[in-house]
Amino acid sequence: MKTTVFFAVAAMLSGPLGAQEKKPVPKDSVRVFISGCSKGRVFTAGPRTEDQPGGSAIPEGMHLRMSGPKEMMAEIKGQEGSRIEITGLMKKGQVAQDGVGIGRGVRITPGPSPSGGGLGPNPGVGQIMIDVEGWRRVIGNCPSR
């Protein structure tokens, strides 16, 4: 009888613990934790805080295109105007930026060639993507523009 109760308790405890494990990170990606503000499917990185884990090289003001399950994206959309922290996966090469940084969120990059030939700029090129795994509210509000 005691062994049956032990196995029943062990089975109940192992269920939630197994569900809390994070998915493994693919070799070409990195898991990041970013605080900031969202508007629609665009997330703008905010200033870093002392309690934020290191390793995230996302500068303040960087815009990220979020993708994730519909329900989670609807929850995040409901938090517009409030500061949140998202957790997600990004490709390793996306974080690097062109140009020269001159201040908080300001970069100087080369412009288009003066010949002007060819197609216009493609809005999808240069868009940094993040696959959102989760989110949480953090202290603070987003600036209104």
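The link of Cys37 and Cys142 is left-handed, with -105° about the S-S bond. The sulfur atoms of this disulfide (a pair of cysteine sulfur atoms within 2.5 Å) lie 2.0 Å apart, and the structure holds one such link. Cys37 belongs to strand β1 and Cys142 to the segment after β7 (129-141), so the pair ties together parts that are 105 residues apart in sequence. Helices (H or I, at least four residues) and strands (E, at least two) are DSSP runs, numbered from the N terminus. Both cysteines, Cys37 and Cys142, are buried; buried means under 20% relative accessible area, exposed over 50%, and partly exposed in between (1.4 Å probe, protein chains only).

The model is predicted: local features need pLDDT of at least 70 and side-chain atom pairs count only at pLDDT 80 or more, whereas totals for chains, interfaces and linings use all residues. Residues are numbered from 1 along each chain as its sequence is written, and side-chain values use heavy atoms, with hydrogens and water left out.

Ser38 is also placed in strand β1. Ser38 is buried, at 6% relative accessibility. Apart from residues up to four places away in sequence, Ser38 is in contact (heavy atoms within 4.5 Å) with Phe43, Met66, Ile76, Glu80 and Ile84.

Three salt bridges were counted, each defined as a side-chain nitrogen of Lys or Arg within 4 Å of a carboxyl oxygen of Asp or Glu. In one of them, Glu133 pairs with Arg31 at 2.8 Å, N to O. Glu133 lies in strand β7 and Arg31 in strand β1, so this bridge ties together parts that are 102 residues apart in sequence. Arg31 is buried at 18% relative accessibility, while Glu133 is partly exposed at 26%.

Glu85 and Arg136 form another salt bridge, at 2.9 Å from N to O. Because Glu85 lies in strand β4 and Arg136 in strand β7, the pair ties together parts that are 51 residues apart in sequence. Glu85 is buried, with a relative accessible area of 9%, whereas Arg136 is partly exposed at 43%.

Lys91 and Asp28 also form a salt bridge, with their closest N and O atoms 2.8 Å apart. Lys91 is in strand β4 (residues 82-91) and Asp28 in the loop between α1 and β1, 63 residues apart. Lys91 is partly exposed at 44%, as is Asp28 at 39%.

Val25 is found in the loop between α1 (2-19) and β1 (29-39), and is partly exposed at 35%. Beyond neighbours within four places in sequence, Val25 contacts Val30, Arg31 and Leu89. Val25 and Gly88 are 63 residues apart in sequence, with a C-alpha to C-alpha distance of 9.9 Å.
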